[in-house]
Amino acid sequence: QPLMRGAALWTLKHVPHYSRPHLMVSRRLCSAGYDSNEKTFDKILIANRGEIACRVIKTCKKMGIKTVAIHSDVDASSVHVKMADEAVCVGPAPTSQSYLNMDAIMEAIKKTRAQAVHPGYGFLSENKEFAKYLAAEDVVFIGPDTHAIQAMGDKIESKLLAKKAKVNTIPGFDGVVKDADEAVRIAREIGYPVMIKASAGGGGKGMRIAWDDEETRDGFRFSSQEAASSFGDDRLLIEKFIDNPRHIEIQVLGDKHGNALWLNERECSIQRRNQKVVEEAPSIFLDSETRRAMGEQAVALAKAVKYSSAGTVEFLVDSKKNFYFLEMNTRLQVEHPVTECITGLDLVQEMIRVAKGYPLRHRQADIPINGWAVECRVYAEDPYKSFGLPSIGRLSQYEEPIHLPGVRVDSGIQPGSDISIYYDPMISKLITYGSDRTEALKRMEDALDNYVIRGVTHNIALLREVIINSRFIEGDINTKFLSDVYPDGFKGHKLTENERNQLLAIASSLFVAFQLRAQHFQEHENSRVPIIKPQEANWELSVKLHDEVHTVVASNSGPTFSVEVDGSKLNVTGTWNLASPLLSVNVDGTQRTIQCLSREAGGNMSIQFLGTVYQVRILTKLAAELNKFMLEKVAEDTSSILRSPMPGVVVAVSVKPGDMVAEGQEICVIEAMKMQNSMTAGKTGKVKSVQCKAGDTVGEGDLLVEL
């Protein structure tokens, strides 16, 4: 059923000849109209994987176009492979041997006779050589031509073109930086702080902020290594770093007939390590005048390079609404769904039409802003480590909150899918739409609470905290939002006294519900020994949360539990379906959706409440008294050992046994999901043993070095 009025209608659709489990993918799309008489392509190959491959396949199905998926050997059972009409393996797991393997992909195109290729984002989407190979074989690249990719893909050339097109630019060095010494000299001339970034970069890879000479040297080394690893191009440039800016981008759409439109803006300021976390459209910060000025400059740049496809012009915007060109991404952006939601356009459909040579169907005056859309990037990451270090594992249970109104989920996974070290740790893009920002954010809050992800660590706790933060709600945000709001790192939701009591009451009710179920089973057992049911009117419990022990008394009458927590009385009502991963309960009139992630015989429970997972220990009064005699496990002294905080590959080891190291000194470098992370000594000491070498694959918690 349609979920909103206006240009953008969302429908729930499935491809008929695939079974439901195979289509655990995003299933709600803003369905722009499609003219079935408009002939485009018979078959398109999608040179990508995961959620974006599924997203492109969905539009192709709508347009009656057959699809070809490519995959690495570890992705053979992936959702995008099952959704496509045909699939071809292009190599082993490492991206350089599969999704970046141009020869294997060209062979797949010839074998399947695909007429066009959609590159998605990342991988080969902005690779001009790939576009040239396709052109030579008379295969259409669904994206801009090679001139635009080259001009905008090179940050140095794009900056010069932007200046020529009268687009506002950031002060900086308009050339390639040769070495670390030159980087320091240039940085001093521009004035600190500076941004060192890969000329061919994107996605936060190969970017470092430097505040002094030493950071410039380190930044040059890490950025050039990341750039070479991610893009095969280690060239760097340096520009002035605008402190506390907003990151706002303009979606553009051009055709091969000289027409170009701007499709409003996206606010992308919530970032960690220069990668976006939460995006929304429109921006709460822009007025119509600034929006128009940014849109017109974006279109001027697109026309200057004869841009013909969907693309994005990124700007940094300061507190006075001055905006500066950052870069142009010549591809579909990860966060494109929020634009689709407020305009009603299907951007993949528009890209396919333009690639076939059709002119744009819309004029600038036709582009609306209908309602508000918010996107959260749900990652397999531990948000308590640097706002998100990658996590790997298998999804043992997975349910998307698409039963809620105004929710769209773009994903490419299903229960049983593996999140591996080889690819980006994104689980999905969760998008909510509302008539205004308040409604969109409330729907996001509900969607995050109703999202079931088991088997991997995820960042839902962080996402939920961001969207309910008072600064975020007021629109007081910039690219340093996370480090400003959480200067000591993210610690999860801080419970108010009322919320703490609610959690304790819900946990106690759950405990009693489990006990009553166990008794119910015992009653129906045909046992030779008669079981005497304990007639407990009140359950006296001892509940431990955050090293504090609370006295709780619980009793129940049908679905309602009366719970007294430290003298405060609460009523908890629910259906108590203990087999369900989601439990909806009402605590004194407040509706809460919680998840009981685990429950042990020793009384330990993991409960996801308000996004954050809390460890609660519940014991009966007798068990609590006996527990005092149990020995405590002594915690490991971690100051003299260095363990890997995440799974990844050791790039370099800087020490050997016998070396003296100072606190904070680099010991080794680990690459995870194409980001390089410097591991440092926790204290001054002598290296006792080194347990890893360059090239080793390590898991989270693996011992690296002992002091």
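## Strands, cores and domains in a predicted model

Strand E25 (residues 539–545) and strand E32 (residues 612–620) run antiparallel and are joined by five bridges. Within this pair, Lys544 has Arg617 of E32 as its bridge partner. E32 also pairs with strand E31 (residues 604–609), again antiparallel, through six bridges. Met605 is bridged to Val616 in E32. E31 and E32 make a hairpin with two residues between them, and Leu610 in the turn has a positive phi of about 55°.

**Confidence and domains**

The model is predicted. Its mean pLDDT over the chain is 90, and 92% of the residues reach 70 or more. Residues 1–29 have pLDDT below 50; in the model this stretch has 88 contacts beyond near neighbours in sequence.

The domain assignment divides the chain into domain 1 (43–142), domain 2 (171–240), domain 3 (246–485), domain 4 (497–520 + 536–628) and domain 5 (641–706). Taken over C-alpha atoms, the centres of domain 1 and domain 2 are separated by 32 Å.

**A parallel sheet**

Five strands form an open sheet in the order E5-E4-E3-E6-E7, with parallel pairing. Strand E5 (86–91) and strand E7 (140–141) are at the edges; each has a single partner strand, so one side of each has no neighbour in the sheet. E5 is joined to strand E4 (residues 66–72) by five bridges, and the two run parallel. Ser72 has Gly91 in E5 as its bridge partner.

**Strand E16 and its partners**

Strand E16 (residues 372–379) is mostly covered, with eight of its eight residues buried. E16 pairs with strand E13 (residues 275–281) in the antiparallel sense, through four bridges. Ala281 is bridged to Ala373 in E16. E16 also pairs with strand E23 (residues 426–434), antiparallel as well, over eight bridges. In that pairing Trp372 stands opposite Gly434 of E23.

| Strand pair | Bridges | Example of facing residues |
|---|---|---|
| E25 and E32 | five | Lys544 and Arg617 |
| E31 and E32 | six | Met605 and Val616 |
| E13 and E16 | four | Ala281 and Ala373 |
| E16 and E23 | eight | Trp372 and Gly434 |

Where in the chain is Thr432 found? Thr432 is in strand E23. Is Thr432 buried or exposed? Thr432 counts as buried because its relative accessibility is 0%, and the cut-off for buried is under 20%. The side chain of Thr432 reaches the backbone oxygen of Ala440 at 2.8 Å. Thr432 and Ile594 are 162 residues apart in sequence, and their C-alpha atoms are 20 Å apart in space.

Ser417 is in the loop between strand E21 (407–411) and strand E22 (418–419). Ser417 has a relative accessible area of 12% and is therefore buried, under the 20% cut-off. Leaving aside residues up to four places away in sequence, Ser417 touches Gly393, Arg394 and Leu395.

In soluble globular proteins, nonpolar side chains tend to be buried together. The largest nonpolar core in this model has 39 residues, and those with the most contacts inside it are Ile270, Val278, Ile427, Leu430, Tyr451, Ile453 and Phe472. At least two residues of this core come from each of E13, E16, E21, E23, helix H12 (437–449), helix H13 (460–468) and helix H15 (481–485). H13 supplies the largest share, six residues. Another core lies apart from it and has 36 residues, including Ala505, Leu545, Trp576 and Leu578.

Ile270, one of the residues with the most contacts inside the largest core, touches Gln275, Lys276, Val277, Val278, Val466, Phe472, Ile477, Phe481 and Leu482, not counting residues up to four places away in sequence.

**Helix H11**

Helix H11 (residues 347–356) is mostly covered, with nine of its ten residues buried. The buried residues are Leu347, Val348, Gln349, Glu350, Met351, Ile352, Arg353, Val354 and Ala355. At the N-terminal end, Asp346 caps H11, with a side-chain oxygen 3.1 Å from the backbone nitrogen of Val348. After H11 comes Gly357, which has a positive phi near 110°.

Terms used. Residues numbered from 1 in each chain as written. Predicted model: local features only at pLDDT ≥ 70, side-chain atom pairs only at ≥ 80, totals over all residues. Heavy atoms only, no water. pLDDT = per-residue confidence, 0-100. Contact = heavy atoms within 4.5 Å. Buried < 20%, exposed > 50% of the residue type's maximum accessible area, 1.4 Å probe, protein only. Pairing = 2+ DSSP bridges. Domains from an automatic or database assignment. Core = buried A, V, L, I, M, F, W, Y, C linked by side-chain atoms within 4.5 Å. Polar contact = N/O pair within 3.5 Å; in protein donor to acceptor, adjacent residues only side chain to side chain.
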